[in-house]
Amino acid sequence: MRIHQPLSTTAALDALLAQPEVAAGVVAHRVLPARPADVVPVPDRLDPRLRDALRQRGIDGLYRHQADALDALAEGEDILVATPTASGKSLCYHLPVLQAIAEEPAARALYLFPTKALGRDQLVEIRELAQLAGLPLHADVYDGDTPAPQRSRIRSAGQVVVTNPDMLHAAILPHHTAWFQLFEQLRYVVVDEAHTYRGIFGSHVANVLRRLARICAHYGSRPRIVCCSATIGAPSELADLLTGRRVRVIDRSGAPTGEKHVVVLDPPVSDTRTGARPGASGMARRAALTFLRAGRQTIVFGRSRVQVELLLTSLRDGLRDGRGPSERVRGYRGGYLPSERRAIEAGLRTGEVLGVVSTNALELGIDIGRLDVAVLAGYPGTISGTWQQIGRAGRRQEVSAAILVTGGGPMDRYVAGAPEYLFEGLPEEARLDPDNIHVLLAHIRAAAFELPFEPGERFGTSPADDLLAFLGEDGHVRRAPDGRWYWSSESFPASEISLRVAAPENVLIIDTGPAGTRVIGEVDLFSAPTIVHEGAIYLHESRQFHVDRLDWDERKAYVRPVDVDHYTRADMAVTLKPLDVFDETPLGSAPGRVAADASVAHGEVMVASLATIYKKLKLDSHENLGWGRIHLPETELHSTAWWLALGPQAATGWSRDDLDRALVGAGHAIHTIACMTLMSDPRDLSMVAQVRSPHLASPVIYLWETVPGGVGLSGRLFQRSEELLAGAAHLVDACDCLTGCPGCVGPVGGASGARTVAARLLHQLRGAARAAA
């Protein structure tokens, strides 16, 4: 018997919010008004065949940002298009590329995408557009899955080559002589989803683009660069660092939007003493079932592969026996066969698939049609990522809804306590540092292999001579009588560089599961003791792997796939020594304020760490399920750090135990806010608190970058120090636990009373800083 009936999105939302358990958890409900399209005529300079192709698609005009992009490129500018999801960013590069090919069939374009799925999706898009225009087009994907017989044809005849940064780095640039047709005629380089190129990965990609520009110059071309990005903070700075050029930012979207309801739901606390919560999955399931039973096409985002599979099973169970269309709900994540993913994407576009449960694999711009509802089971970690997932709903001028269900993690607790952060806060910045010395040296080696360096030639911001001389001491390069630097080693330097890690010495991660032995990733040596120690749960493309053995001497970790309801976090005994202070200032030294008896600084540090134990923490609630010991040697790292040091007056009136708990609790909250502010993975920054630093002789909280040499995070934290303290104070104040929990002050909570002393310290520091404001 059928007990579900179709409803409009608005009616289904009203029905959901009328449920008492849901209504009690609503912390925000915003209605974003509809916005009409800002359309301008298709420019006359566009080839008539392309104008006709657009008309066949029902496009009689271009959105404002699309027209602005075409105008800027026609004037010879490089651009970054930073507009919301589903605003038609792909036409900003497809049209100029096809225009160049229409004018000169020998013209070439290089498309870079962070994922294979996104690259293949856009390949279909440009082929269809070219077919409608009647333009002959040779466009192909060149990646690790490309069959060998096709590779030579792509090298010689490919007008549009779709690839990823890893293939460009390791398979194209080092073999540029086989690609001379591409580099001689290269007109456009497209860097899509540019906001994903941050941290150490972004720093590597920026150097890959430096090498690309160097090779293009060798063959006499200077392609224009088109970057596309989600809405982020400081987009111009990101684009300039990534491309090495002055880039024009186009961020005024002309795409229309329908009315959208955005609801933030916070499940009620189940234990007020510890702050334990039931997790986001239960409330997300309730919301998704309501919309699916109403016939509304819905996407549910989970934070991990395990959460996705559990939600999928739960939703299908809830829709059986006439209670909904269970057969039309699918899962989508890494690990599915490409054919399965393509079928699901097509089903979403046609409407055959009514609901999909996905990891963030569908957060990027893969075409999945126009959905009615997005349900987010947990805060994605950034404002930018949240709005990308929310943007999956409402792709037409109709009412849509997005439901964010917060969980028990620190970032979730901050958003639940301050939902205005989501609606009114500035998007996070994507930080990278192309001149990180470890990264820079690696790519100078690769660049020297590709082409000799001229005397005084710049690589990035400075001449490369000094670094080449350093490499020459080890025999990697030699200076010839003509003054040029030549590669002189027998090694293949690109093969020694992973774009995901900084240090040259890495630990390989080897899957020994039933599918056969294969290398699935690597991690830098310094991070290995906390990420791939024996007993760790290692995540790769949202899949869980159990680390069975870590061979430290051979630098290999052996893992097998598992499905478990927990993750692991390692504790480290850390010794941190400041080596150089780049900048230091009293806290509260802004104009109109009095300085507190505390200071903030950033500089170079040496970190010695010893992984001691690991904890098993439940995925949703972060509850401690057990622990184990780690038996590995101490490692050392030179990096950069931000730190907060208390003076004698600020430390007065504190017992040693209370101050110790306050520093750790406040440091944990500051770490949470730092990761949110800078759009960084929590593992990119580590925190250590010392009640009496042996080097500064005072109580100190350090946030240090886990990447060798750092990627510029500490300097930006220094500039935003008071913002960090304000956010940390709000996080601790807004939490509804009694004595402390993992969501506010970290695992030191519970009976320790860490929340009370952490709040006291944060308000003491903020109060002193604001005394004369």
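Predicted model: local features only at pLDDT ≥ 70, side-chain atom pairs only at ≥ 80, totals over all residues.
Local features need pLDDT of at least 70 and side-chain atom pairs count only at pLDDT 80 or more, while totals for chains, interfaces and linings use all residues. Residues are numbered from 1 along each chain as its sequence is written, and side-chain values use heavy atoms, with hydrogens and water left out.

Helices (H or I, at least four residues) and strands (E, at least two) are DSSP runs numbered from the N terminus. Strands are taken to pair if DSSP finds at least two bridges between them. An open sheet is formed by 7 strands, in the order β1-β11-β16-β15-β12-β14-β13, with mixed pairing. Its edge strands, each pairing on one side only, are β1 (26–32) and β13 (329–332). From one strand to the next, the twist averages 15 degrees. Strand β13 runs parallel to β14 (residues 355–358) and is joined to it by 4 bridges. Valine 329 has glycine 355 of β14 as its bridge partner.

Contact (heavy atoms within 4.5 Å) involves Thr9, Ala12, Leu13 and Leu16 of α1, and Arg286, Ala287, Thr290 and Phe291 of α12.

Strand β31 (residues 700–705) is mostly covered, with 6 of its 6 residues buried; the term buried stands for under 20% relative accessible area, exposed for over 50% and partly exposed for values in between (1.4 Å probe, protein chains only). Val700, Tyr702 and Trp704 are buried on one side of β31, and Ile701, Leu703 and Glu705 on the other. Strand β29 (residues 635–646) pairs with β31 in the antiparallel sense over 5 bridges, and leucine 644 stands opposite isoleucine 701. Strand β30 (residues 685–690) is also antiparallel to β31, joined by 6 bridges, with leucine 685 opposite glutamate 705.

Across the whole structure, 11 aromatic pairs are found. Rings of Phe, Tyr and Trp (its six-membered ring) pair if their centres lie within 6.5 Å; planes under 30 degrees apart count as stacked, over 60 as edge-to-face and the rest as tilted. Tyrosine 93 and tyrosine 111 are edge-to-face because their ring centres are 5.2 Å apart and their planes stand at 85 degrees. Tyrosine 93 belongs to helix α5 (residues 91–103) and tyrosine 111 to strand β5 (residues 108–112), 18 residues apart. Tyrosine 93 is buried at 1% relative accessibility, as is tyrosine 111 at 0%. Ring pairs link Tyr93, Tyr111 and Phe113 into a cluster.

Phenylalanine 449 and phenylalanine 492 form another edge-to-face pair, 5.3 Å centre to centre with 80 degrees between the planes. Phenylalanine 449 is partly exposed, with a relative accessible area of 30%, and phenylalanine 492 is partly exposed at 26%.

Methods. Axes fitted to C-alpha atoms, helices over the stretch in contact; angles between N-to-C directions.
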